[in-house]
Amino acid sequence: MTSVPPSAPTPLLPIPSERQLAWHKLEMYAFCHFGMNTFTGREWGDGTESPELFQPTELDCRQWARVLKDAGFKGIIITAKHHDGFCLWPSRYTTHSVAHTSWGDGKRDVVGELAAACREYGLKFGVYLSPWDRHEPSYGDSPRYNEHYENQLTELLTNYGEVFEVWWDGACGEGPNGKRQEYDWRSYEELVRRLQPKAVIFSDAGPDVRWVGNEQGFAGETNWCMQRRDDFAPGKVADLSLLTHGQKDGTHWVPAECDVSIRPGWFYHSEQDAQVKSVEQLVDIYFKSVGRNASLLLNVPPDRRGLIAEPDVQRLLEFRGALDAIFARDLAREAKAVANCVRGGDARFAAERAIDGLPGSYWATDDGVLTGSLTITWRETVQFSVVMLQENIELGQRVEEFSIEARVGGQWQEVARGTTIGYERLLRILVVEADGLRVNILGARACPTISTVSVFAPPSRP
């Protein structure tokens, strides 16, 4: 009698969409705050600035793309329009744009040049279009401004090729006596879905990607991809910890994005040239964003020339070098793995599936088995300082708690402990010399599905 092989675990809802899965894989991409504020020295303009102030002398979006590509970023999001309303493309719906400047005889298009540069360098291209517009006369007349905003959004989503992310913030500093604009978020969302179905939409409330609740670049130690999405709205989140940590009982898949600037400000200010974040700070941010089941959106603001400034270029390349050194050698690829429970005893779900480096493979336990241990061993002792864990999130986020042990001198000792894993969890530990490593799943919402266990040797250089 032939036994029936076990089926794959049933997805634990909610699960990510195809566009969200593609977004998770990017892990790190750049923000480029560039516009009128670059030339006025402000962070928030008021919309009264003359377009003639916008005069980049050496604008080269190919330099942006080349630098960021070399630094390991997967895409660029441009502030096509910030709160001052100045448009970096020749919008038909305003005179407050590059088309109404003497720069480039009014014929250049920053958005278009960056989109072309991203295509040339194999980077994803995204747009930030501020809902708050301090220049537009119709702002505050809700129906009229919503039509205006959708017209500009349509231009950005139809004239520049594929867009991977549309970025909305909830900023509005009008105050209690200022203009009150009722944004038609649902209509905006429908427009994005129709014109760019592969694009994820970011805001405090998603619907695809949520703000992490701070601008320091870190997610919570516990970070669920789920959110009770209907309880949130852009700019109207009372408890930011719900964004930082997510919600285990969330109804929708709305993972976190960590936005942070490489400088104190979001726009370029020459007096901050000596205040670019250090390599150590950037690596720490990486481990607390990408390493905590979020993505990293690092702002790198071009200067008044229209170039990424030299201090930023140097630091980005140093950052890339540090990451390359940290993740240079995955010792798990040189090891063997066993587990105390394998789903149906089937090799398709064996422990080796977590260390084979193949997409789509994973270790899983039987239904109802919410704990388990996966043990990796080496023939000789090895040194390691970073461990990476990943879940097969196509089946949902499951793990609630885990620990990591190392076998040192024949004895198991705990070296790390955590809660959620999700798409990716990175753990830095003191350098350990051991001949074994054990991942203990201590609790889960359903049978765990671990797609990757990586163990990285200490960098060979500082």
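Is Asn-293 buried or exposed? In this predicted model, where local features need pLDDT of at least 70, side-chain atom pairs count only at pLDDT 80 or more and totals for chains, interfaces and linings use all residues, Asn-293 is buried, with a relative accessible area of 4%. Residues are numbered from 1 along each chain as its sequence is written, and side-chain values use heavy atoms, with hydrogens and water left out. Buried here means under 20% relative accessible area, exposed means over 50%, and partly exposed lies in between (1.4 Å probe, protein chains only).

Along its principal axes, the C-alpha trace spans about 75 × 45 × 40 Å. Buried residues account for 59% of the 462 in the chain. Of the contacts (heavy atoms within 4.5 Å) with a separation of 6 or more, 76% are between residues 24 or more positions apart.

The chain exposes about 18700 Å², and carbon and sulfur atoms supply 49% of that area; accessible areas come from the Shrake-Rupley method with a 1.4 Å probe, and for residues only the protein chains shown count as cover. As for charge, there are 49 positive and 64 negative side chains, and the centres of the two sets lie 3 Å apart. Lys and Arg count as positive and Asp and Glu as negative, while His and the chain ends are not counted; each charge is placed at NZ of Lys, CZ of Arg, CG of Asp or CD of Glu.

Back to Asn-293, which sits in the loop between helix H8 (279–289) and strand E10 (294–299). Its side chain reaches the backbone nitrogen of Tyr-423 at 2.8 Å. Leaving aside neighbours within four places in sequence, Asn-293 is in contact with residues including Asn-223, Trp-224, Cys-225 and Gln-397, as well as Ile-421, Gly-422, Tyr-423 and Glu-424.

Some backbone details deserve a look. Most residues other than glycine have a negative phi, and most peptide bonds are trans. Asn-293 has a positive phi of about 70° although it is not a glycine, and Glu-27 also has a positive phi of about 70°. Glu-27 lies in the loop between H1 and E1 and is buried, at 18% relative accessible area. A cis peptide bond joins Leu-13 and Pro-14, with omega about 0°, and Pro-14 falls in the segment before helix H1 (18–26). Another cis bond links Gly-206 to Pro-207, with omega about 15°; Pro-207 is in the loop between strand E5 (200–203) and strand E6 (209–211).

Finally, Cys-172 is found in the loop between strand E4 (165–167) and helix H6 (185–195). Cys-172 is partly exposed, with a relative accessible area of 33%. Beyond its neighbours within four places in sequence, Cys-172 is in contact with Trp-132, Tyr-139 and Tyr-183.

Definitions and conventions
Helices (H or I, at least four residues) and strands (E, at least two) are DSSP runs, numbered from the N terminus. A polar contact is a pair of N or O atoms within 3.5 Å; within protein, one must be able to donate a hydrogen and the other to accept it, and residues adjacent in sequence count only if both atoms are side-chain atoms.
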